[in-house]
Amino acid sequence: MTAMVNTSLRCGCLPANQKMAVVTPLLKKASLEPHELKNYRPVSNLSFVSKLVERAAVKQLTNYLETNRLLPLLQSAYRSHHSTETALLKVLSDVLTAIDNKKVTLLALLDLSAAFDCVDHDILLSRLQSRFGLDGAVLAWIRSFLSDRTQRVCFGGRLSAEIALIFGVPQGCVLGPLLFLLYTAELFDIIPSLGLTRHSYANDTQVYISAPVVESQQAAVRLAECIERLDRWMVQNDLKLNAEKTQLMRLGSRHQLAKLTISQLPLLTTTTTSSSTVDGCK
């Protein structure tokens, strides 16, 4: 097994027989309606050997990224010592600090539609080379990992016909989450460049801004502009911001929130020509 893994990594090639997945649709929550396709998460079952090679690749790639400090600092998933706890502590600490300074915080919770399934392979490979310095056998192996993948769907005890995959990284694979993190790393440059704060966990991103109540309207406009900028970036990178599931939260002391008049955040969506709103909650 060691020889197989080493040969694959050294040659920059993952054998074709290790790139076929059997997808099992699983309900995201037991309470969801089983007849709605959008309520399912497609989990890919891959071969044991494929996952062994992926684990070796992930370990080496993560060591390289951490040694060279190339991973986004405010991403709390797919990394050691980063979890939902660190994400919660970071956001909560910023909110409480703002409250101490008599400010309110407008927090947007962004949701992506089928994020892992929309990754463009060409964009990803280009970004891995230009931004993260991957080349040679490493880039060749990742290209081999992404290309010529196929899948079959297993549902109700029956298998579908085999189809080719030209986009996305398999949900359920070992390397996929790390590749998605690197694919979306530019988001961590866009948000602070617009003067807002961010934190992410997997494909969920929190964007927020703190300001005195008297400046809350201006802060809301800046937050809406930031979300629209992120939406345009996602369109350019074949991702889709789900405006229906994006939410706005108003956080602060009871006294400060009582003065706040913002209840909705106007947004321009890329799927319609009309404007939409994100409802807020305290």
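Guide: The largest cavity is lined by Q75, L112, F180, T184, L187, F188, S200, A202, N203, T205 and M234. This is a predicted model. The volume of that cavity is about 60 Å³. The structure holds 1 cavity of 30 Å³ or more. Sorted by class, the cavity lining has 6 nonpolar and 5 polar residues, and no charged ones.

Take L112, part of the cavity lining. L112 is also in contact with N242, as are D111 and S113; neighbours of N242 within four places in sequence are left aside here. N242 sits in the loop between α8 (216-236) and β9 (247-251). Is N242 buried or exposed? N242 has a relative accessible area of 15%. Buried means under 20%, so N242 counts as buried.

Now take F180, another residue of the cavity lining. Helix α6 spans residues 176-183, and the buried residues of α2 pack against α6. They also pack against α1 (2-11) and α5 (136-146).

So look at α2 itself, residues 48-67. Its 20 residues should span 28 Å at 1.5 Å a residue. The C-alpha atoms at its ends are 29 Å apart, which agrees. Which residues of α2 are buried? They are S50, V53, E54, A57, V58, L61, T62 and L65. These cover an arc of only 165° around the axis, which puts them on the same side of α2. The general rule is that an α-helix has 3.6 residues a turn, so residues three or four places apart point the same way. The other side of α2 carries the exposed residues F48, R55, K59, Q60 and T67. After α2 comes R69, with a positive phi near 55°.

V5, S8 and L9 are buried in α1. Viewed down the axis, the buried residues of α1 fall within an arc of 90°, so they line one face of the helix. Those buried residues pack against α2 and α5. A3, R10 and C11 are exposed, on the face of α1 turned away from its buried side. Just after α1 comes G12, which has a positive phi of about 65°.

Next, the open space. The largest pocket holds about 1100 Å³. It is lined by 41 residues, and the closest to its centre are K28, Y40, P42, A114 and Q171. Which elements give two or more residues to this lining? They are β1 (20-27), β2 (40-45) and β4 (149-155). By class, the pocket lining has 21 nonpolar, 10 polar and 10 charged residues.

The relative accessible area of S44 is 6%. That is under the 20% cut-off, so S44 is buried. Not counting residues up to four places away in sequence, S44 touches A21, V22, V23, P170, Q171 and G172. One of these, Q171, is also among the residues closest to the centre of the largest pocket.

Key. Residues numbered from 1 in each chain as written. Predicted model: local features only at pLDDT ≥ 70, side-chain atom pairs only at ≥ 80, totals over all residues. Heavy atoms only, no water. Helix = DSSP H or I, 4+ residues; strand = E, 2+ residues; numbered from the N terminus. Expected span 1.5 Å × (residues − 1). Buried < 20%, exposed > 50% of the residue type's maximum accessible area, 1.4 Å probe, protein only. Arc of directions from axis to C-beta. Contact = heavy atoms within 4.5 Å. 1 Å grid on protein atoms, 1.4 Å probe; cavity = no way out; pocket = protein on both sides within 12 Å on 5 of 7 lines; lining within 4 Å. Points joined across faces, edges and corners; volume = space filled by probe spheres on them. Nonpolar A, V, L, I, M, F, W, Y, C, P; charged D, E, K, R; others polar.
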